[in-house]
Structure formats: C-alpha cells, structure tokens
Amino acid sequence: MLSVLDIFRIGIGPSSSHTVGPMRIARTFVRSLAKAGKLENTARLAVELQGSLALTGVGHGTLDATMLGLMGFAPDTTCPDEAAAALAKLSEEKRLKLGGKHEIAFEPEADIDLAGHIIPELHPNGMKLAAFDDAGGKLAERTYYSTGGGFVASAAQLKRQPKDDRINTGTLAPFDFGSAAELLASCEATGKSIAELVLANEDAFRPRDKTLEGIDRVARAMDQCIERGLTQRGILPGGLKVQRRAPDMWDKLSANPLSNEREQLFDWLNCYAMAVNEENAAGGRVVTAPTNGAAGIIPAVIRFYCVTEGEEPCRDSRRTFLLTAGAIGLLYKQRASISGAEMGCQGEVGVACSMAAGGLAALWGATPAQVASAAEIGMEHNLGLTCDPVGGLVQVPCIERNAIGAVKAVNAARLALHRTGAESTVSLDQVIETMRQTGLDMSSKYKETSQGGLAVNVIEC
C-alpha cells in the first residue's frame with residue numbers, strides 16, 4: 001500500500017507533475033552522483049525534458065524547478081523567496097552549486113533541452129539527465145518520469161507491473177486493498193469506517209501519533225494557503241494578465257457573512273478554491289490534493305464544512321475528511337492515474353472532486369457504501385474532462401475549474417446521502433476504470449500539452 005501522506009504532499013506551485021516532480025528528479029540525480037562518488041568530477045550537466053514536460057514546461061515552471069532541484073532544493077521545504085533569489089543569482093552568474101556543494105557552469109538555454117517532439121512510451125512526462133567530466137566523458141545518465149501528484153519513477157519501476165492492481169511499496173498493511181470493492185468488504189467485515197481502516201493501515205508506516213501529526217500538518221498547510229490567497233492581490237505571472245479575484249470575493253463575503261442568499265454557499269466555496277489555485281499559479285506553497293492543478297477543491301470543502309459551531313477548525317473532522325479522501329485518492333493512483341499528461345483534467349480535477357465528495361459524505365455520517373457512491377458521482381460527471389491550459393499556464397481554465405469542482409463535490413455528497421437502499425448503478429471501481437480507458441483514448445492534444453482546445457482557440461481569438 002501507499003500512504004495517504006504520499007497523496008497529500010506539501011510543495012510549491014504551479015504543477016505537481018511539472019514542477020514538484022522535476023524538482024525531485026533533479027535532486028535525486030545529483031544525490032545519486034554524490035553517492036557514486038562522481039559529483040566532484042562533474043563539470044557539466046545536460047537535461048532533456050521530453051513530451052508534456054517540454055511542451056508546457058515554461059508555463060508550468062519546469063525549467064526553474066529543474067534548476068532548483070539541481071541546487072538541492074526540495075519541494076516540501078523550499079521557501080519561494082529563497083528560490084527566487086537562487087534563480088536570479090544563477091541567471092546573472094551562469095553558475096550553480098550541485099546539491100549546494102559542487103559548483104559548475106550552467107547555461108539554462110544550452111543545458112536544458114525542450115524536446116517536445118519526443119513522446120516517451122512509458123509516460124508522457126519524461127526527463128533525461130546526464131553528467132559529464134572536464135574531458136566531455138559521460139559520467140552518468142538516467143531517465144525518470146514525473147507520473148503526477150509529485151510522484152516520480154524510473155523506467156524500471158514503470159516497466160515492473162504491480163500484481164492485482166497494487167503498487168508495491170514493500171509495506172504490508174493489515175487491510176490491504178486494491179479496489180473499492182475490497183475496501184468496502186474490509187469495512188463491512190471489521191465494522192470500521194473508511195477513515196478508521198485507513199488509519200489502521202497507516203500504522204504499518206509509522207506510529208499513530210506521527211500519522212495524525214502529518215494529517216494535521218497537511219490541513220494547516222491547506223488553510224495557510226487559503227489565508228495567503230485571500231490577501232494577495234495583483235496580476236498572476238506568465239503573461240496572460242489574469243487578475244487575482246479571491247481577495248475581492250473575500251472582502252464582499254466577509255462584509256455580509258449572514259446573508260440569507262442560498263447561492264452564497266457557491267461564493268464561499270468558489271472564493272476558497274480560487275484563493276488556493278491563484279496561490280498555486282503564483283508559485284506559492286500548496287498541497288497536492290491529489291495534484292497542484294487540482295489543489296483548491298479539497299481545501300475549499302474542508303474550510304467550509306470542517307468547523308465547530310464557533311467557526312473554528314475542527315481537528316477530528318479534518319482528520320476524518322482527509323483519511324477518507326486519501327483512501328479514494330489511493331484507488332485512483334493504483335488503478336488508473338492522477339496525471340493530467342496521461343488522463344487529462346479528469347485525472348486531476350475529476351479525482352479531486354471525487355475525493356472531496358467522499359470525504360464530505362463521511363463527515364456527514366455516510367456509510368462506507370455511500371462514501372463510495374459520492375466518490376463515484378463526483379467522477380462520473382467529470383469523465384472526459386480535458387487538460388488544455390491556455391499558454392501552458394495553470395491559470396485558465398484551471399483556477400475556475402477548481403471552484404466548479406468544489407461545488408460539484410458537495411452536490412455529489414448530497415446526492416449519495418439521498419440514495420436509499422438500492423446500490424449504485426455504477427460502482428466506484430467501474431468509474432475509475434472508465435476514467436482510465438477514457439484517458440487512454442483521449443487525444444494527446446487535450447492532455448496537458450496545450451496543443452488543442454482552449455489553449456489553441458483562446459490565443460487564435
């Protein structure tokens with residue numbers, strides 16, 4: 001089993017697969033050089049970004065993330081201000097310290113190749129790195145893949161097929177599940193809720209108190225992202241001149257918090273979701289939920305519903321929500337993909353909507369079967385959703401799409417709770433498989449390459 005803390009990772013924007021993943025890959029490659037005793041002999045590095053990483057790499061911050069990773073920055077601990085200073089220094093001096101230790105000359109335009117014409121067979125987000133000595137001799141060369149949500153893999157890992165749809169991490173969980181059917185069967189056999197069962201599985205990874213600390217840390221990071229997004233104004237970087245809207249929405253809502261207007265529920269969810277994704281677009285600190293491009297949906301629903309009567313955050317309800325949503329995210333990761341480059345936006349916003357719907361249903365006292373139904377509804381009405389970011393930036397339609405996804409998740413949970421007795425016509429396993437098949441059939445133009453859809457037509461207009 002994977003851990004739910006693998007699904008929820010704290011990192012920086014704007015993309016988990018194009019920013020967080022490449023940063024981790026570059027850092028891993030440098031550490032492998034050091035481990036092999038080759039770092040001190042390295043005089044030059046060459047990076048080849050393949051497929052989707054190249055086609056939208058500039059807009060998704062892939063080049064900057066790669067250079068930061070080479071310098072030793074890690075996504076979960078990077079301070080955006082320190083990162084900006086390091087990149088500015090590199091731009092001026094054309095030199096960087098590998099792993100923060102060994103300095104080499106580095107010219108981004110020459111040493112990073114945007115090879116968009118190369119579409120790897122194993123995964124659309126390929127990244128090849130090579131190190132050379134003073135004489136030009138090759139010291140090492142490795143290819144990695146950024147598989148979505150900040151996850152990375154080598155070619156050998158992707159070629160090694162897991163048994164029974166499971167990802168083998170070497171960790172044996174007491175209630176191992178590779179499908180929603182198995183998850184629900186374990187809940188029925190043990191009498192545990194999905195959150196309780198997942199928490200028991202997490203005990204195989206670390207002590208219980210450490211898991212709960214991790215869940216609480218994720219919840220705080222989500223809330224901090226919302227708070228920052230509600231106060232930052234101005235134009236988002238990238239050239240589209242997209243204006244931040246969340247702060248103005250927040251001011252309006254805060255001035256009239258007790259309005260009887262029913263539609264104001266949408267406004268609160270929209271405001272919170274957009275605050276997160278505007279922060280993501282600006283390169284701020286966000287939580288993959290399950291990806292950066294879909295990072296606003298779960299925090300928005302948690303912020304609105306996981307509160308006490310005094311409107312203070314409720315720790316226990318947040319834990320229940322995130323553990324349940326994490327279980328659903330694990331199913332998508334194991335049985336399909338959470339990568340926009342593989343599945344389109346159905347694999348990002350669609351999965352986040354499904355996770356949020358299940359988490360909210362659990363918070364409202366749903367049975368495990370109803371939780372699965374909520375998750376199924378959340379995905380069923382996102383099937384076929386394309387990933388066609390305008391200008392290769394995680395802004396249009398991504399920011400508003402998170403707002404829509406948050407509202408849709410709440411409605412999916414409501415529909416599941418109103419279902420009485422009869423089983424769903426479509427199971428969660430069936431909708432996950434349908435998403436996978438749809439992603440495989442979808443044209444590459446609509447899978448994070450900005451070669452079709454809005455990405456083309458908005459520019460042409």
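**View 1. Lysine and arginine charges over phenylalanine rings.** K333 lies over the face of F151, at 4.2 Å from the ring centre, and the charged end of R44 sits over the ring of F132, 4.4 Å from its centre. A charge counts as sitting over a ring if NZ of Lys or CZ of Arg is within 6 Å of the ring centre and within 35 degrees of the ring normal. The model is predicted, so local features need pLDDT of at least 70 and side-chain atom pairs count only at pLDDT 80 or more, while totals for chains, interfaces and linings use all residues. Residues are numbered from 1 along each chain as its sequence is written, and side-chain values use heavy atoms, with hydrogens and water left out.

**View 2. The pair W250 and W268.** The structure holds five aromatic pairs (rings of Phe, Tyr and Trp, the last by its six-membered ring, with centres within 6.5 Å; planes under 30 degrees apart are stacked, over 60 edge-to-face, the rest tilted). One of them joins W250 and W268 edge-to-face, at 6.0 Å centre to centre and 75 degrees between the planes. This pair links distant parts of the chain, with W250 in helix α11 (residues 246–255) and W268 in helix α12 (residues 264–281), 18 residues apart; helices (H or I, at least four residues) are DSSP runs, numbered from the N terminus. W250 is partly exposed, with a relative accessible area of 23%, whereas W268 is buried at 12% (buried is under 20%, exposed over 50%, partly exposed in between, with a 1.4 Å probe and protein chains only).

**View 3. The pair Y305 and W364.** The ring centres of Y305 and W364 lie 5.4 Å apart with their planes at 90 degrees, so this pair is edge-to-face.

Key
Helix = DSSP H or I, 4+ residues; strand = E, 2+ residues; numbered from the N terminus.
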